Amino acid sequence: MGKAYGVGAYGFCLLLCLAADELGIRWPVFSQYATYFSDMQKTTMLVSAVLLFAGFKNLSIRFSPFINTVAASTFGIYLIHDNQYMRWFLWDRLFKNANFYNSPFLVLHAFGAISITLLVCLLADLAYRKLIEENFWKCVDWWLDKRDIRYKRLTLSRDHSR
């Protein structure tokens, strides 16, 4: 039932955007509000996101190495692509999304740009975790092991001196 609320809320946001777009065609003063309800910082998107999350939080999915690998990288993907520098580079400079705003290829372009961004950021995050993070924790473990050995020697020498 929760999934239906989330999908319904998202659908409601979509309908609001379509209505604002239609009003903008008839009365130009409304054209600036065509994407107002789909903006990330609007209450409508927050409600949609919370309801979708609540609807899917108890979903039981069988183990899948692929899903787990992608899921483990989602935060890294988010950090890589959604910052002020990369956002501008990706969407304005590389994919030139504004050029496709009224194009019949908008959906195809969006799917391609999003898929390429996801794949490249996923590979970057996997490389980071394998090449940097893994070695970093090996160094931390080595340092902690050395520290523990020194601590044990120190406590043993204190105990023997008593």
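Me: Let's start with a cysteine. Is Cys 121 buried or exposed?
Reply: Keep in mind that this is a predicted model. Cys 121 has a relative accessible area of 5%. The cut-off for buried is under 20%. So Cys 121 is buried.

Me: And Cys 139, is that one buried or exposed?
Reply: Its relative accessibility is 51%. Exposed means over 50%. So Cys 139 counts as exposed.

Me: How many disulfides does a search of the whole structure find?
Reply: A disulfide needs two cysteine sulfur atoms within 2.5 Å. The search covers the whole structure, and the number of disulfides found is 0.

Me: Now Ser 73. Which residues does Ser 73 contact, leaving aside neighbours within four places in sequence?
Reply: Ser 73 sits in helix 3, residues 65-81. With a relative accessible area of 0%, Ser 73 is buried. Contact means heavy atoms within 4.5 Å. Beyond its sequence neighbours, Ser 73 touches Leu 122, Asp 125, Leu 126 and Arg 129.

Me: What separates Arg 129 and Asp 125 along helix 5?
Reply: These two form a salt bridge, with the closest N and O atoms 3.5 Å apart. Asp 125 is buried at 8%, while Arg 129 is partly exposed at 24%. Both are in helix 5 (residues 106-161), 4 residues apart, so the separation is about one helical turn.

Me: What is the N to O distance between Arg 87 and Asp 82?
Reply: Arg 87 is partly exposed, at 35%. Its side chain meets that of Asp 82 in a salt bridge. The N to O distance is 2.9 Å.

Me: Are the rings of Phe 136 and Trp 137 stacked or edge-to-face?
Reply: The count of aromatic pairs is 3. In the pair of Phe 136 and Trp 137, the ring centres are 4.9 Å apart and the planes are at 75 degrees. Planes over 60 degrees apart count as edge-to-face. So this pair is edge-to-face.

Me: Last one. Which residues make the nonpolar surface patch of about 580 Å²?
Reply: One member, Tyr 36, is in the loop between helix 1 (2-26) and helix 2 (43-56). Tyr 36 is partly exposed, at 39%. A patch residue needs over 30%. The patch is made by Leu 23, Trp 27, Val 29, Phe 30, Tyr 33 and Tyr 36.

Technical notes. Residues are numbered from 1 along each chain as its sequence is written. This is a predicted model: local features need pLDDT of at least 70, side-chain atom pairs count only at pLDDT 80 or more; totals for chains, interfaces and linings use all residues. Side-chain values use heavy atoms; hydrogens and water are left out. Patches are made of residues with over 30% relative accessible area and no salt bridge: like charges are joined within 9 Å, nonpolar side chains (Val, Leu, Ile, Met, Phe, Trp, Tyr) within 5 Å. Accessible areas come from the Shrake-Rupley method with a 1.4 Å probe; for residues, only the protein chains shown count as cover. A salt bridge is a side-chain nitrogen of Lys or Arg within 4 Å of a carboxyl oxygen of Asp or Glu. Helices (H or I, at least four residues) and strands (E, at least two) are DSSP runs, numbered from the N terminus. Buried means under 20% relative accessible area, exposed over 50%, partly exposed in between (1.4 Å probe, protein chains only). Rings of Phe, Tyr and Trp (its six-membered ring) pair if their centres lie within 6.5 Å; planes under 30 degrees apart count as stacked, over 60 as edge-to-face and the rest as tilted.
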